[in-house]
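Take a walk through this protein model. Start with its pockets, then move on to its surface and its overall build.

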Amino acid sequence: MKRKSFQDYLWGSAVSSGMGILGIIAGACSVVAYFFAPDIEISLKYLLAVLFIMFPIIYIGLKTAYAIYEDFLKDISHPPLIPKIIKVKAPSKFYDTSIAVIITEPTTTLTQGTIVSIYFLVSEFEELIALGEVINVQQDDKKVHVLITHDYDLKKDQDN
């Protein structure tokens with residue numbers, strides 16, 4: 001199952017680690033310690049209550065962070081990290097102040113709202129030609145639509 005939100009990661013980590021049962025046991029122990037621990041000068045019942053409640057929370061948090069990290073490594077290991085441009089077209093009237101819309105190869109590294117830079121590869125050097133913003137990622141084939149908002153090289157070519 002592909003996890004899509006932080007809640008999915010959190011729930012999956014809690015269920016897979018069996019921490020639900022440990023959390024209930026820890027909660028019960030902290031309640032028992034609070035009411036039945038003998039009164040001593042340093043209140044051990046408060047320390048135990050905090051430790052028994054915090055241990056499952058910290059453990060689930062670390063397990064969730066590690067699951068997110070593992071999925072991130074899986075996502076970035078799938079090419080292409082730098083997608084190639086498939087098609088360029090004029091923007092719609094809604095984006096009348098923009099320069100162009102490009103469609104790139106499918107990638108999981110770009111999401112809607114991401115600011116991107118577009119480069120030409122010329123003699124082993126990358127030359128910045130434009131900046132844009134991801135306006136759409138197709139759900140079925142993961143192709144990315146980028147709206148070019150600032151160009152740095154294209155206008156020079158058009159003027160000549």
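Strand β3 gives the largest pocket the largest share of its lining, 6 residues. Strands here are DSSP runs of E with at least two residues, helices are runs of H or I with at least four, and both are numbered from the N terminus. This is a predicted model, in which local features need pLDDT of at least 70, side-chain atom pairs count only at pLDDT 80 or more, and totals for chains, interfaces and linings use all residues. Residues are numbered from 1 along each chain as its sequence is written, and side-chain values use heavy atoms, with hydrogens and water left out.

Stay with the largest pocket. It holds about 490 Å³ of space. Of its 17 lining residues, the closest to the centre are Ile82, Pro83, Ser117, Ile118 and Tyr119. β2 (100-104) and β3 (115-122) each supply at least two residues of this lining. By class, the lining has 12 nonpolar, 3 polar and 2 charged residues. Nonpolar covers Ala, Val, Leu, Ile, Met, Phe, Trp, Tyr, Cys and Pro; charged covers Asp, Glu, Lys and Arg; the others, Gly among them, are polar.

What counts as a pocket? On a 1 Å grid over the protein atoms alone, a pocket is an open set of points where a 1.4 Å probe fits, with protein on both sides within 12 Å along at least five of seven lines; lining residues have an atom within 4 Å of a point. The volume is the space filled by probe spheres set on the points.

Now find the second largest pocket. Its space is about 220 Å³. Among the residues lining it are Thr107, Thr108, Gln138 and Lys142. This lining divides into 2 nonpolar, 6 polar and 1 charged residues.

Next, the surface. Val50, Ile53, Met54, Ile57, Ile58 and Leu62 form a nonpolar patch with about 560 Å² of accessible area together. Such a patch joins nonpolar side chains within 5 Å, from residues with over 30% relative accessible area and no salt bridge. Areas come from the Shrake-Rupley method with a 1.4 Å probe. Met54 lies in helix α3 (residues 44-77). Its relative accessible area is 37%, so Met54 is partly exposed (between buried, under 20%, and exposed, over 50%).

The structure holds 1 salt bridge. It joins the side chains of Asp141 and Lys143 at 3.9 Å, N to O; the cut-off is 4 Å.

Finally, step back. The protein has 4 helices and 5 strands, running α-α-α-β-β-β-β-β-α from the N terminus. Of its 160 residues, 24% are buried.

Technical notes: Patch = residues over 30% accessible without salt bridge, like charges linked within 9 Å, V, L, I, M, F, W, Y side chains within 5 Å. Buried < 20%, exposed > 50% of the residue type's maximum accessible area, 1.4 Å probe, protein only.
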